[in-house]
Amino acid sequence: MDVLNGYNLDYFPENLLIDILSFLGVRELVRAGRVCKRWRRLVKDQRLWRVVDLTAWKGVTSRILWVLLRQYLGCGLRCLRMRGLLLSARGGTFLSESWLKALSTKCPRLRRLCLLHADLRSLPSCQILPLSLQVLELRGCELPRGFFEQTLPYNSDTEATTSRERVGKGTSTPSGITIERLILNNVPSFTDQHLQSLTSWQKLSHLELRDTFRITANGLRNCAAKDGVSGLEGLYRLKSLELGITGRQGYHLQMASLGLGSGWLGLEELSLGGKEVGPGLLCASRLKDLKHLCLWSCTLSNLQIRKSCRMLRGLRRLEFLDVVFQPRQCTSEEGNNEEEQDGEEAVSEDSSANENRKQDIVDPIPSLRRTLGALLPCCNVVFTNCSVQSNTE
């Protein structure tokens with residue numbers, strides 16, 4: 001013990017000290033920098049500021065943001081998470097145009113920005129965000145009407161080229177929005193007009209819309225990728241789309257996923273959750289390029305899944321996440337028809353299938369695996385945290 005007491009942190013190498021400091025939060029890091037000059041120098045190491053999470057730091061003001069930006073944040077920053085004052089008793093805004101411009105200058109490698117409960121109505125457009133952003137995540141935020149609109153400098157050459165030519169050449173204006181993934185969760189002010197503004201984005205390939213209850217089927221239909229007079233129109237660069245309504249009661253008139261019924265060129269991944277699963281499955285057969293389908297936070301029956309999957313022969317991955325399956329009911333003619341159809345598509349299941357039918361009534365997942373294996377032989381089916389609804393009768 002006497003030998004151990006003779007050593008302190010001054011004998012530790014700097015790489016080891018940086019690894020120890022990496023377990024601290026932002027607020028604790030700032031306090032650690034006040035210990036001594038050596039620690040202050042270590043705290044400013046950019047390896048400690050790659051991922052900055054300010055959501056747990058309550059009471060972050062614009063003054064604190066300026067201090068962090070001037071003294072700590074730099075070229076090492078990759079991901080930044082912040083909590084706004086929308087739900088705070090003080091209220092007000094804490095993000096300013098000057099701070100965002102300084103952030104883009106001092107942190108040129110910032111790739112992901114997550115804003116929680118932030119009031120963005122004082123900002124004119126998302127074009128003032130750092131140009132290096134690839135992922136933008138907004139949760140519980142308030143948006144102005146034209147937040148996602150972008151104004152590009154006039155160029156006669158770019159005006160003359162069609163959308164097909166622009167995709168082939170890969171050209172994009174320097175001032176254009178380069179965000180590839182947009183995540184919106186519980187953003188009540190997001191409307192069809194905002195969705196239409198996204199069609200001008202050059203690199204948007206992944207879009208997540210959760211609890212955006214103001215999006216309608218017509219709005220989604222108008223933005224769907226389709227062939228137009230001058231080439232591809234709409235969100236034709238989009239490869240992945242997620243729609244889900246789980247936290248809103250009385251959401252029975254919108255059903256935005258019905259907008260998929262008109263088709264969507266190039267859409268390869270679709271994720272449906274909550275109240276969007278039922279209408280979305282009815283329209284999924286119109287998506288000719290669909291390869292990956294994910295269903296989450298919903299209640300489904302075997303018959304509903306079978307009818308939908310018969311029209312999705314091109315699927316390569318089918319995922320069920322937090323899904324409650326209704327117990328299978330083999331009654332009268334429906335059961336006989338299903339058995340005949342399953343027998344035609346799965347010839348090898350004769351004796352073993354009959355022995356397991358009684359067990360499948362209680363637990364439909366084994367029979368669903370066999371049915372999906374026959375309907376979609378080239379598809380990988382994944383069940384995650386799924387359960388079977390108890391039959392109370």
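1. Let's start with E208, which counts as buried at 9% relative accessibility. This is a predicted model, so please read each value here as computed from it. The side chain of E208 meets that of R181 in a salt bridge, with 2.7 Å from N to O. E208 sits in strand β6 (residues 206-210) and R181 in strand β5 (residues 181-185), and the pair links distant parts of the chain, 27 residues apart. R181 counts as partly exposed, because its relative accessibility is 31%.

2. While we are on charged pairs, the structure holds 8 salt bridges. One of them joins the side chains of E14 and R41, at 2.8 Å from N to O. E14 belongs to helix α2 and R41 to helix α4 (residues 37-43), so this pair ties together parts that are 27 residues apart in sequence. E14 counts as partly exposed at 32% relative accessibility, and R41 counts as partly exposed at 47%.

3. Another salt bridge is worth a look on your screen: R47 pairs with D45, and their closest N and O atoms are 3.0 Å apart. R47 is partly exposed, with a relative accessible area of 45%.

4. Together with Y11, F12 and L16, I20 forms a nonpolar patch on the surface, and the four have about 380 Å² of accessible area together. Taken by itself, I20 counts as partly exposed, because its relative accessibility is 42%.

5. A search of the whole structure finds 4 cavities of 30 Å³ or more. The largest cavity holds about 70 Å³ of space. It is lined by 11 residues, and those closest to its centre are C126, L129, P130, L131 and I177. What classes of residue make up this lining? There are 7 nonpolar and 4 polar residues, and no charged ones.

6. I177, one of the residues closest to the centre of the largest cavity, also has a neighbour to point out. I177 and Q202 are 25 residues apart in sequence, yet their C-alpha atoms are 6.8 Å apart in space. Q202 lies in the loop between α9 (192-197) and β6, the strand that also carries E208. Q202 counts as buried, because its relative accessibility is 17%.

7. Finally, a word on the second largest pocket, which holds about 240 Å³ of space. Its lining is made up of R27, V30, R31, R34, R40, W57, R63, I64, V67, L68, Q71 and Y72. Two elements, α3 (26-32) and α5 (62-71), each give two or more residues to this lining. Which of the elements supplies the largest share of the lining? That is α5, with 5 residues. By class, the lining of the second largest pocket has 6 nonpolar, 1 polar and 5 charged residues, whereas the lining of the largest cavity has no charged residues.

Methods:
Residues are numbered from 1 along each chain as its sequence is written. This is a predicted model: local features need pLDDT of at least 70, side-chain atom pairs count only at pLDDT 80 or more; totals for chains, interfaces and linings use all residues. Side-chain values use heavy atoms; hydrogens and water are left out. On a 1 Å grid over the protein atoms alone, a cavity is a set of points where a 1.4 Å probe fits but cannot get out, and a pocket is an open set with protein on both sides within 12 Å along at least five of seven lines; lining residues have an atom within 4 Å of a point. Grid points are joined across faces, edges and corners, and a volume is the space filled by probe spheres set on the points. Ala, Val, Leu, Ile, Met, Phe, Trp, Tyr, Cys and Pro count as nonpolar, Asp, Glu, Lys and Arg as charged, and the others, Gly among them, as polar. Patches are made of residues with over 30% relative accessible area and no salt bridge: like charges are joined within 9 Å, nonpolar side chains (Val, Leu, Ile, Met, Phe, Trp, Tyr) within 5 Å. Accessible areas come from the Shrake-Rupley method with a 1.4 Å probe; for residues, only the protein chains shown count as cover. Buried means under 20% relative accessible area, exposed over 50%, partly exposed in between (1.4 Å probe, protein chains only). Helices (H or I, at least four residues) and strands (E, at least two) are DSSP runs, numbered from the N terminus.
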